[in-house]
Amino acid sequence: MDLGLRGRVAVVTGGSSGIGLATARVLLEEGMAVAICARNPQRLEQARQALSACGDVLAYPCDILDTAAVAGLLAAVSDWQGRCDLLVNNAGQGRVSTFADTTDAAWEEELKLKFFSQINTTRAFAPMLAGSGQGAIVAVNSLLAYQPEAHMVCTSAARAGVQNLLKSLAGEFAPAIRVNSVVVGLIESGQWERRFQAREDRALSREQWLADLAHSKKIPLGRLGLPQEVARAIAFLGSPAASFVTGTQIEVSGGLSRHI
């Protein structure tokens with residue numbers, strides 16, 4: 001299926017690894033020019049080199065919680081392509097904590113990260129997206145927004161608030177910009193790789209450890225998702241193929257959700 005993305009320009013935050021890197025690759029394969037940003041310059045350059053064979057890539061070191069840095073990203077994209085048709089807001093990892101052990105500082109840090117990783121880039125790129133003619137924002141969020149976990153109470157609350165924000169933006173930005181999200185469950189990532197390396201049973205292979213994890217979490221499809229599976233959902237929502245879709249989300253969780 002041709003998503004109609006060829007010749008368009010995307011900006012992907014958190015693009016040096018995981019879902020962000022996979023999304024950049026999928027969008028490049030669909031014919032887009034893609035700008036990626038991340039905080040670590042070395043990892044970002046490694047990602048740029050890995051992606052460069054797929055198409056036109058701009059890599060820009062940027063802390064998206066720093067408004068001056070985001071302004072620099074906007075200027076770099078403007079100089080590079082002069083337009084942005086798709087913004088992929090790929091927020092950070094979760095925080096493991098209960099209500100009892102989450103400090104005020106941790107609450108403030110988590111809420112700031114989850115909200116302003118959406119707000120700062122959206123505010124900066126909204127005028128360019130509106131001028132695209134078919135501008136779109138796709139946020140990467142977590143199933144925790146709808147299905148909170150007691151051991152991730154702070155992140156769960158922040159994720160739910162972000163979904164509310166996205167719903168508001170979809171109404172406010174219409175019809176010039178569509179706003180949607182992907183809501184992910186357990187996806188193979190660096191954090192799961194680190195937990196595998198720290199496993200107690202050293203005899204377990206990576207495949208068996210992941211299979212046991214999926215079983216313990218009761219994922220109906222019997223495995224963790226892959227970053228590229230999330231990336232394909234992002235590409236659809238950000239494309240003209242989803243031209244009548246806004247204010248909604250696609251769940252990519254292998255059937256993990258229990259809510260309707």
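Biologist: Why is the pairing of glutamate 188 and arginine 206 called a salt bridge?

Modeller: Their side chains meet at 3.1 Å, N to O. A salt bridge needs a side-chain nitrogen of Lys or Arg within 4 Å of a carboxyl oxygen of Asp or Glu, so the pair qualifies. The pair links distant parts of the chain, 18 residues apart: glutamate 188 lies in the loop between E6 and helix H6 (190-197), arginine 206 in helix H7 (residues 206-216). Helices (H or I, at least four residues) and strands (E, at least two) are DSSP runs, numbered from the N terminus.

The model is predicted: local features need pLDDT of at least 70, side-chain atom pairs count only at pLDDT 80 or more, and totals for chains, interfaces and linings use all residues. Residues are numbered from 1 along each chain as its sequence is written, and side-chain values use heavy atoms, with hydrogens and water left out.

Biologist: What makes glutamate 188 buried, partly exposed or exposed?

Modeller: Its relative accessible area is 21%. Buried means under 20%, exposed over 50%, partly exposed in between (1.4 Å probe, protein chains only). Glutamate 188 is therefore partly exposed. Arginine 206, at 30%, also counts as partly exposed.

Biologist: Which residues do salt bridges with shared partners join into one network?

Modeller: Arg95, Glu109, Glu110 and Lys114. Within it, arginine 95 and glutamate 110 meet at 3.7 Å, N to O. Arginine 95 sits in the loop between E4 and helix H4 (104-130), and glutamate 110 in helix H4, 15 residues apart. Glutamate 110 is buried at 2%, whereas arginine 95 is partly exposed at 22%.

Biologist: What makes E3 and E7 edge strands?

Modeller: Seven strands form an open, parallel sheet, in the order E3-E2-E1-E4-E5-E6-E7. Strand E3 (57-61) and strand E7 (249-252) each have a single partner strand, so one side of each lacks a neighbour in the sheet.

Biologist: Why do strand E5 and strand E6 count as paired?

Modeller: Two strands pair if DSSP finds at least two bridges between them. E5 (residues 135-142) and E6 (residues 177-184) share eight bridges, in the parallel sense. Serine 142 stands opposite valine 184 in E6.
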